[in-house]
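The briefing that follows is arranged by topic and is meant to be read beside the sequence and the coordinates.

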Amino acid sequence: LRDNRIELVRASWHELSISVSDVSLSDEGQYTCSLFTMPVKTSKAFLTVLGVPEKPQITGFTSPVMEGERMQLTCKTSGSKPAADIRWFKNDKEVKDVKYSKEEDANHKTFTVSSTLDFLADRSDDGAVVSCRVDHESLNSTPQIAMQVLEIHYTPLVKIISSNSWPEEGQSIILTCESKGKPVPEPVLWTKDGGELPDPERMVVNGRVLSISFLNKTDNGTYRCEAKNPIGRNSTEYVLIVHDVFNTLLPTTVIPSLTTATVTTNVALTASTTTSATATSIRDPNALAGQTGPDHALIGGIVAVVVFVTLCSIILLGRYLARHKGTYLTNEAKGAEDAPDADTAIINAEGSQVNAEEKKEYFI
């Protein structure tokens with residue numbers, strides 16, 4: 001071996017050691033140690049040299065990228081032997097859907113490896129860190145990494161936040177228009193029902209904030225917030241409904257009242273007898289106070305009393321008529337045959353009653 005990179009480390013009758021510095025691919029091959037005896041004895045060993053991959057580079061990125069455009073990032077490394085492995089990551093999360101290729105270098109000993117990441121640019125990718133990692137056995141578990149920070153431009157995203165979820169007359173409300181875009185959107189534009197704000201004195205715009213004081217019914221309507229940047233414009237709407245002032249009524253205590261209903265039924269008899277019945281109905285104390293409709297329970301009670309009194313009257317009248325069947329003469333009728341006047345007839349009747357035979361009465 002005739003090379004300045006090769007040095008003799010130890011030489012004795014039992015051992016011969018050499019060292020090779022600054023190893024290159026040309027050092028790969030078969031090495032032979034010979035012991036010149038009779039006969040000569042030899043021992044052989046094959047040296048394999050690993051090709052260390054170069055630091056990877058990411059190409060294909062042009063800043064900025066518009067949202068919706070297709071991006072193709074390529075990571076490439078050369079000089080690896082055997083071929084290196086390339087893996088993609090986005091914010092430390094590995095991306096699996098990539099294209100991998102390798103080709104042999106001009107020395108026919110090492111390889112150039114490349115991998116392509118293809119995706120559509122989205123606003124969520126803005127600021128994301130895309131990294132390409134090269135793994136190889138020559139790197140002693142310390143991979144080589146190339147990184148690229150994405151910059152995505154997109155139209156503004158607009159949202160309105162209200163400070164009052166139930167606005168009432170006389171109150172105030174603050175509407176905040178949140179707009180996020182890249183580049184940063186210009187100052188927002190506030191409109192109402194497609195036109196300018198009708199009352200600038202009460203409707204004050206400060207940057208992205210719209211403040212409305214002393215709300216009234218005329219403030220009802222649709223408020224629009226529009227934001228724009230060089231990429232485009234976007235808007236959102238908020239429907240304002242001003243409610244009447246809510247009056248809280250204090251609870252009142254209602255004392256139940258007693259209601260009395262009297263029903264009188266007159267029944268005319270032969271002797272001008274009058275029968276009356278009185279019914280009293282008391283309202284349920286548990287009934288709802290302040291009820292404006294008819295009291296159906298009271299009406300039902302009155303009807304029941306009327307029916308009951310009517311039935312009782314009919315029964316009493318029937319019993320009376322059953323007990324007084326026959327012919328009856330008054331005192332005037334008994335003495336009226338020979339009497340010139342009514343007084344004489346009565347006197348004659350009273351006198352004749354002594355000897356008169358009383359009529360008998362039979363009850364059935």
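Counting the bonded cysteines along the chain, the disulfides of the protein follow the pattern 1-2, 3-4, where a disulfide is a pair of cysteine sulfur atoms within 2.5 Å. The model is a predicted one, in which local features need pLDDT of at least 70 and side-chain atom pairs count only at pLDDT 80 or more, whereas totals for chains, interfaces and linings use all residues. Residues are numbered from 1 along each chain as its sequence is written, and side-chain values use heavy atoms, with hydrogens and water left out.

**Overall make-up**

- The protein has 3 helices and 20 strands; helices (H or I, at least four residues) and strands (E, at least two) are DSSP runs, numbered from the N terminus.
- Of the 364 residues in the protein, 25% are buried, where buried means under 20% relative accessible area, exposed over 50%, and partly exposed in between, with a 1.4 Å probe and protein chains only.
- Among contacts between residues at least 6 apart in sequence, 56% join residues at least 24 apart, a contact being heavy atoms within 4.5 Å.

**Disulfides and other cysteines**

- The structure holds 2 disulfides, and in general a disulfide is a covalent bond between the sulfur atoms of two cysteines.
- Cysteine 33 counts as partly exposed because its relative accessibility is 43%, and cysteine 312 is partly exposed, with a relative accessible area of 29%.

**The sheet that contains E15**

- An open sheet of 5 strands has the order E6-E14-E15-E18-E17, with mixed pairing, and two strands pair if DSSP finds at least two bridges between them.
- The edge strands of this sheet are E6 (65-66) and E17 (203-206), each of which pairs on one side only.
- Strand E14 (residues 152-162) and strand E15 (residues 173-182) run antiparallel and are joined by 7 bridges; isoleucine 160 has cysteine 177 in E15 as its bridge partner.

**Glutamate 168**

- Glutamate 168 is placed in the loop between E14 and E15.
- Glutamate 168 is buried yet has no salt bridge, and the nearest side chain of opposite charge, that of lysine 217, is 10 Å away; a salt bridge is a side-chain nitrogen of Lys or Arg within 4 Å of a carboxyl oxygen of Asp or Glu, and for charge Lys and Arg count as positive and Asp and Glu as negative, while His and the chain ends are not counted.
- Leaving out residues up to four places away in sequence, glutamate 168 touches Leu215, Val242, His243, Asp244, Val245 and Phe246.

**Backbone geometry in loops**

- Most residues other than glycine have a negative phi, and most peptide bonds are trans.
- Lysine 81 and proline 82 are joined by a cis peptide bond with omega about -5°, and proline 82 lies in the loop between E7 and strand E8 (85-90).
- The peptide bond from lysine 182 to proline 183 is likewise cis, with omega near 0°, and proline 183 is in the loop between E15 and strand E16 (189-192).
- Aspartate 92, in the loop between E8 and strand E9 (93-95), has a positive phi near 70° and is exposed, with a relative accessible area of 76%.
- Histidine 108, in the loop between strand E10 (98-104) and strand E11 (111-120), has a positive phi near 60° and counts as exposed at 58% relative accessibility.

**Annotated segment**

- An unreviewed UniProt entry carries the annotation "transmembrane region" for residues 297-317; UniProt positions are given in the numbering used here, feature names are shortened, and annotations may be inferred rather than shown by experiment.
- Over residues 297-317 the chain of the model is 100% helix and 0% strand, with the end C-alpha atoms 30 Å apart.
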